[in-house]
Amino acid sequence: MTTDKQQEIIAAIGVQPTIEPAQEAERRIAFLASYLLRTNARGYVLGISGGVDSTTAGRLAQLACERVREQGGDATFVAMRLPYGVQADEQDARAALDFLAADEVVTVNIKSATDALFEEVDKGTIDFTAAGLPDNWADFQKGNVKARERMIAQYLVAGARRMLVLGTDQAAEAVVGFFTKFGDGACDLVPLAGLTKRQVRAVAAHLGAPQSLVNKVPTADLEDNKPLNPDEAALGVSYQAVDDYLEGKDVSDADRATIEGWYDRTMHKRSQPITPRDV
């Protein structure tokens, strides 16, 4: 049985208990295409990691730009590769690019910019080893710098080309605040808003994404000392439980407490970029 708080959170995140993947894909492609036509923006920019979220959002963006061109408009989708040095799961990113068939691919290695900024702060008055801080605090904070450097690069390309930046946030990440504020959480439009993780996978499968990417274990891969650390390990709760919670299903008391704890602590991270519900 759902609680009042669970119902309140479901409404706030905008989740439907069930979806029809083909209809959801079409609705979101139409949303992206119509926004370009209405604003005269020249296209979309999106960082491609090789995970199911960026793969799905990227394919939606490519199809939207193609639709705009079919209607006589001018739109280009730029897929950006943004590795920090050498990406551990680079083969997945390449598979995603092959599937997306993006109009353009731009690669920017963020390692030198990230290292320079972090080292400049680290040598100043900030002590990442102060008493009371976790042992991996410096590595964790540097991971957030990586996410923000990636968004800086995307906005630089978008600004130069009069384009808009897409985000990959979906409902399961939104409810627990599993994104970097002003990093991957900074964007102009959020085409996956309101979809649980399993619903994103269903849309990806409908679009024809490789099963290896559809079913890939989610990882932010931001920490040097924990390469490819699964999201679920960091969160302390499975995406299956988060999805069940958001779809109004019963979850264990422990999972409910974890999800609602994350929701309350990360309230400040949920801003209001434009979503399909706003138009």
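**Figure 1. Helix α11 is largely enclosed by the rest of the structure, because 7 of its 8 residues are buried.** Buried means under 20% relative accessible area, exposed means over 50%, and partly exposed lies in between (1.4 Å probe, protein chains only). This is a predicted model, in which local features need pLDDT of at least 70 and side-chain atom pairs count only at pLDDT 80 or more, while totals for chains, interfaces and linings use all residues. Residues are numbered from 1 along each chain as its sequence is written, and side-chain values use heavy atoms, with hydrogens and water left out. Helices (H or I, at least four residues) and strands (E, at least two) are DSSP runs, numbered from the N terminus. The buried residues of α11 are Y239, A241, V242, D243, D244, Y245 and L246. These buried residues pack against α1, α7, α8, α10 (231-235) and α12 (253-265), where contact means heavy atoms within 4.5 Å. After α11 comes G248, with a positive phi near 80°.

**Figure 2. Helix α1 (residues 4-13) packs against helix α11 (residues 239-246).** Two packed helices are described by the angle between their axes and by the distance between the axes. Here the angle is about 95° and the axes are 9 Å apart. The two helices are therefore roughly perpendicular to each other. On the α1 side the contact is made by K5, Q6, I9, I10 and I13, and on the α11 side by D244, Y245 and L246. By class, this contact has 5 nonpolar, 1 polar and 2 charged residues. Axes are lines fitted to C-alpha atoms, for helices over the stretch in contact, and angles run from 0 to 180 degrees between N-to-C directions. Angles under 35 degrees count as roughly parallel, over 145 as roughly antiparallel, 65 to 115 as roughly perpendicular and the rest as oblique. Ala, Val, Leu, Ile, Met, Phe, Trp, Tyr, Cys and Pro count as nonpolar, Asp, Glu, Lys and Arg as charged, and the others, Gly among them, as polar.

**Figure 3. I48 and K197 belong to one "binding site" annotation in the unreviewed UniProt entry.** According to that record, the annotation covers G47, I48, S49, G50, G51, V52, D53, S54, T168, K197 and T219. UniProt positions are given in the numbering used here, feature names are shortened, and annotations may be inferred rather than shown by experiment. I48 sits in the loop between β1 (43-47) and α3 (52-70) and is buried, at 2% relative accessibility. Apart from neighbours within four places in sequence, I48 contacts S54, G58, A79, M80, R81, A96, L97 and L100. K197 is part of helix α8; at 3% relative accessibility, K197 also counts as buried. With neighbours within four places in sequence set aside, the contacts of K197 are V52, D53, Q170, A172, P218, Y239 and D243.

**Figure 4. R148 and K181 belong to another "binding site" annotation from the unreviewed UniProt entry, which also covers D188, H268 and K269.** R148 is in helix α6 (residues 137-161), whereas K181 is in the loop between α7 (171-176) and α8 (197-207). R148 is partly exposed, with a relative accessible area of 32%, and K181 is partly exposed at 27%. Not counting residues up to four places away in sequence, R148 touches T180, K181, F182 and G183.

Figure 5. N144 is buried, at 12% relative accessibility. The side chain of N144 makes a polar contact of 2.9 Å with the side chain of T180. A polar contact is a pair of N or O atoms within 3.5 Å; within protein, one must be able to donate a hydrogen and the other to accept it, and residues adjacent in sequence count only if both atoms are side-chain atoms. R150 is buried as well, with a relative accessible area of 19%. Not counting residues up to four places away in sequence, R150 touches L82, P83, Y84, I110 and L222.

**Figure 6. A101 and R162 have positive phi values although neither is a glycine.** For A101, phi is near 50°. A101 lies in the loop between α4 (90-100) and β3 (104-107) and is partly exposed, at 47% relative accessibility. For R162, phi is about 60°. R162 lies in the loop between α6 and β4 (164-165) and counts as exposed, at 51% relative accessibility.
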